[in-house]
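Me: I would like to learn how to read contacts, domain interfaces and side-chain pairs in a model of this kind. Could we go through them one at a time?

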Amino acid sequence: MTVRHTRRAFLSAATMMAAALAATACGSPQDTATGGGDSAAPVKVGLVYSQSGALASYGKQYIEGFKAGLDFATKGTGKVGDRKIELTEVDDAGDPAKAVSAAKDLIGKGTKIIAGSTASGVALQVAPIAAQNKVLFISGPAATDAVTGANKYTFRSGRQSYQDVVTAKSFIGDPAGKKVVVFAQDGAFGDANEAAVKAVIGSAGATVSSVRAPASATEFTPFASQIKAAKPDLLFVAWAGTTAPAMWQTLDQQGVLSSTTVVTGLDIRASWPTFGAAGAKISFLSHYFDGASDTEASKALKAKVNTIDLFHPDGFAAAQMVVRAVQEGGDDVDKMVTALEGWSFDGVKGKMTIRAADHALLQPMFQAKLTGSGTAFTATAQKSLTGDETAPPAVAMKG
């Protein structure tokens, strides 16, 4: 795979968290399983995500993670205080129009918390609905940077694209004076990846150029020759589609993988065989893979799903955030927002912090390598980057 979700803009300088928030923000999510307001009525939570469509596999991991996280955060009760967390699941099939319709329907039925959004396009359409109706929205695997700072009612439980690219940058140390080449397909996906690398790594002093291939390309030797001639210190590969195995095979056969550091994103486990023999020669930036961390939350999640995959942690964190919001805010959404702003908690990946200024979710990211081959690949962490090391620039809250 590649960095499928790297298609966003990178914005202004970081701000410090308010001291008062920082003083009260830390705690275990399991400590939040009491309270929840005076009412004993169920808390309605709408989960709008991809049960079908192109990202159905991501959605499946998200919902499995959410249910495991809810069990963890409520100590197996499914309740906050005396209030049951009542889940309504809706399939948006990755279609923003369906997601907006579902969100409006749920809000009309009294739902004050919406979570999900597997796709970035969906998240960007649901976020304004949350602000208009003053309900809490916790976006899921959608990685677009634009979710951060969208409005005061919008949060995220997954990583964002900036965190992907800054992890890629970590493979070459100080980028000043380094040469970076982006190898991507023509089109919006390639454009977004090239722009992201220029914004994050180029702005740190590297010279960034690109080698682009038509999406219809099946012969990759000419592109491999261009890459070798450029002699980059880092090759950032952003590729999507069924031609990935042939592309990786060609880069390997033409000596590209042995001549420079080659970095791409580590997708879900089902995609790993597409790397073929090249897999062990690639450096991966990773949001998460089974074994990347050894936290209490990761142990609890693994006990539920057996093998943790890429987007399980996003669902798990969303459930922790829901429990925190209800415990502190009851039915008052503004109090829910305040309870989440600046909150630090122990998630599957490690320490997670919701930045008060723009609701960015600061979190660890990982450098990874694959060993073995094909369906027998195993991922191991080469380095863990802290939430502070991968923190995106703070942005002004838009609404």
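Reply: Let us begin with contact, which here means heavy atoms within 4.5 Å. The model is a predicted one, and in it S170 touches Q367 and L385, once residues up to four places away in sequence are left out of the count.

Me: Where does S170 lie, and with which side chain does the side chain of S170 make a polar contact?

Reply: S170 lies in the loop that runs between α5 (161–169) and β7 (179–185). Its side chain makes a polar contact with the side chain of Q367, at 2.8 Å.

Me: Turning to the domains, which bounds does the domain assignment give, and how far apart do the C-alpha centres of domain 1 and domain 2 lie?

Reply: The assignment gives domain 1 as 43–159 + 290–359 and domain 2 as 163–286, and their C-alpha centres lie 31 Å apart. The contact takes eight residues from domain 1 and six residues from domain 2.

Me: What area is buried between domain 1 and domain 2, and which residues in domain 1 lose the most area to domain 2?

Reply: Buried area is the accessible area that two parts lose on being put together, summed over both. Between domain 1 and domain 2 this comes to about 650 Å², with carbon and sulfur atoms giving 51% of it. In domain 1, the residues that lose the most area to domain 2 are R159, D309 and L310, which together give 59% of what that side buries.

Me: How many salt bridges and how many residue pairs in polar contact are found across the interface of domain 1 and domain 2?

Reply: Side chains of opposite charge can pair when their charged atoms come close. Across this interface the rule finds one salt bridge, together with three residue pairs in polar contact. The residues on the side of domain 1 that touches domain 2 divide into three nonpolar, three polar and two charged.

Me: How many salt bridges does the count come to, and which parts does the pair of D334 and K152 tie together?

Reply: The count comes to 17 salt bridges. Among them, D334 and K152 meet through their side chains at 3.4 Å, N to O. D334 lies in helix α12 (residues 333–340) and K152 in the loop between β5 (136–139) and β6 (154–156), so the pair ties together parts that are 182 residues apart in sequence. Another salt bridge joins D164 and R159, with the closest N and O atoms 2.9 Å apart.

Technical notes. Residues are numbered from 1 along each chain as its sequence is written. This is a predicted model: local features need pLDDT of at least 70, side-chain atom pairs count only at pLDDT 80 or more; totals for chains, interfaces and linings use all residues. Side-chain values use heavy atoms; hydrogens and water are left out. Helices (H or I, at least four residues) and strands (E, at least two) are DSSP runs, numbered from the N terminus. A polar contact is a pair of N or O atoms within 3.5 Å; within protein, one must be able to donate a hydrogen and the other to accept it, and residues adjacent in sequence count only if both atoms are side-chain atoms. Domain bounds come from an automatic or database domain assignment. Buried area is the accessible area (1.4 Å probe) that two parts lose on being put together, summed over both. A salt bridge is a side-chain nitrogen of Lys or Arg within 4 Å of a carboxyl oxygen of Asp or Glu. Ala, Val, Leu, Ile, Met, Phe, Trp, Tyr, Cys and Pro count as nonpolar, Asp, Glu, Lys and Arg as charged, and the others, Gly among them, as polar.
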